[in-house]
Structure formats: C-alpha cells, structure tokens
Amino acid sequence: MNIFYIKLGILLIGFIQAGLLPYFIQKALKHVNLDLDKQTLSFLSNKDLYGKRFVKGYKRLLFTTAILTYLFFWFLSEYYELGEYNKLMKYIDLGFVSLALLAFVPHNLKPYSLRNLSLFLQRTLHNLLAVVVFLSLPALIITFQIVILPESMFLGIFGLAIIGITVFLVALSILKNGVNGATELLFINGISLWTIFVTMTTFLS
C-alpha cells in the first residue's frame, strides 16, 4: 500500500478514535445521573437503569471503538513494518476481540446466583472482559512502544512516557477508589492523548 494512504489512514482513524469515545461518553453523562465515584461507565449498558436506547448506543460505540482500534494498529504495523512481531499482532487481535465482545455483553446488577444461570454468566463474562480490556490495551501500546523504540527514539520514549504515566495514575486511582467511572475516564483520556501523539508524530515523520 502507498505510504501516503497509510499515513492518511493513521491520521483519520487516529483522530476519530481519540475523540469518539470521550466525546460520546461526555455527551451521555449530561443526560444521565451517573455517579462516577461509585459507578462504572458500564452502567450505561444496563437496560434496567437507562433503557434500550442507551444500551444500543453503548453497544455501537464500543464495537466501533474496537474496529477503529484494530484499524489504527494495523495501519501503524504497516507503516513501521511490524508484521513480523507475533506478540504485537496477538495483542492487536486480543484488544479487538475483547472490546468487540464487551460491546455485546451488557452490564447487570443481578446478584450472583446459580438460580438464574444466564444472568450470572452474563455478569461474570462482562466483568472478565472488562478486566481483559483494561490489561490488553496498555499491554498492546507498551509492546508497540518497545518494538518501535529502535526505529524512532522520539516516538518510543515519549510514547512510553505518556502510557507509563497513564498506567501509573490509573493504578493509583484503583488503589485509592477502586474501579469506578472516574478511573475509567482517566484511562480513556490517557489512551486518547497517546493516540493523538502517535498519530501526529507518525504523520509528520
């Protein structure tokens, strides 16, 4: 593929991806009474709390984010010729699959009970997928940064600094307050900032 089109793809997808999730989450929070200190953003996918409209919107948003994440890293791997790094490719697939599956497994607050096996499995799977997303996306980004370090010291060092600070602040927030909406927003905004930095650095290189 022509380098120009690869860089154009990185530019367009990078900025869409970086702005899409934060924008729509902020927009949704203006219309719902969600306590970010006590609840997670996954509550927006709870039909009993916010109805079918929010569930559909949340599902589409996460699935779109999964596709954009996959395309963004695919374009990056094409531009920097990283296809030979199997670990990076596996993390790209894992990030996409976990986000895509999370989109279709909504949140619920039903008590853990084997009496209602489907809701028990749904809640358990939702929480497991959320943990995988929380771990796989930073792992994907850090792996990319380490791989790219010999190719571009500037991108490698500053990209690692951004994701490193994000991971540190998120871990600190979890230790102090647990996993809540505020922690998730910190995580999302940190990754968005990293995405913008990588997009601009790659496009201008």
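Apart from neighbours within four places in sequence, Ser77 is in contact with Leu82, Gly83 and Met89, where contact means heavy atoms within 4.5 Å.

The model is predicted, and local features need pLDDT of at least 70, side-chain atom pairs count only at pLDDT 80 or more, and totals for chains, interfaces and linings use all residues. Residues are numbered from 1 along each chain as its sequence is written, and side-chain values use heavy atoms, with hydrogens and water left out.

Helix α2 (residues 47–79) packs against helix α6 (residues 181–204) at an angle of about 35°, and their axes are 12 Å apart. Axes are lines fitted to C-alpha atoms over the stretch in contact, and angles run from 0 to 180 degrees between N-to-C directions. From α2, Phe72, Phe73, Leu76 and Tyr79 meet Trp194, Thr195, Val198, Thr199 and Thr202 of α6. The residues of this contact comprise six nonpolar, three polar and no charged.

In the largest nonpolar core, which has 54 residues, Phe73, Phe144 and Trp194 touch the most other members. Such a core is a set of buried Ala, Val, Leu, Ile, Met, Phe, Trp, Tyr and Cys residues joined through side-chain atoms within 4.5 Å. Helix α2 gives the most to this core, with 12 residues. Leaving aside neighbours within four places in sequence, Trp194 contacts Phe72, Phe73, Ile141, Phe144, Gln145, Gly159, Ile162 and Ile163.

Note on methods
Helix = DSSP H or I, 4+ residues; strand = E, 2+ residues; numbered from the N terminus. Nonpolar A, V, L, I, M, F, W, Y, C, P; charged D, E, K, R; others polar. Buried < 20%, exposed > 50% of the residue type's maximum accessible area, 1.4 Å probe, protein only.
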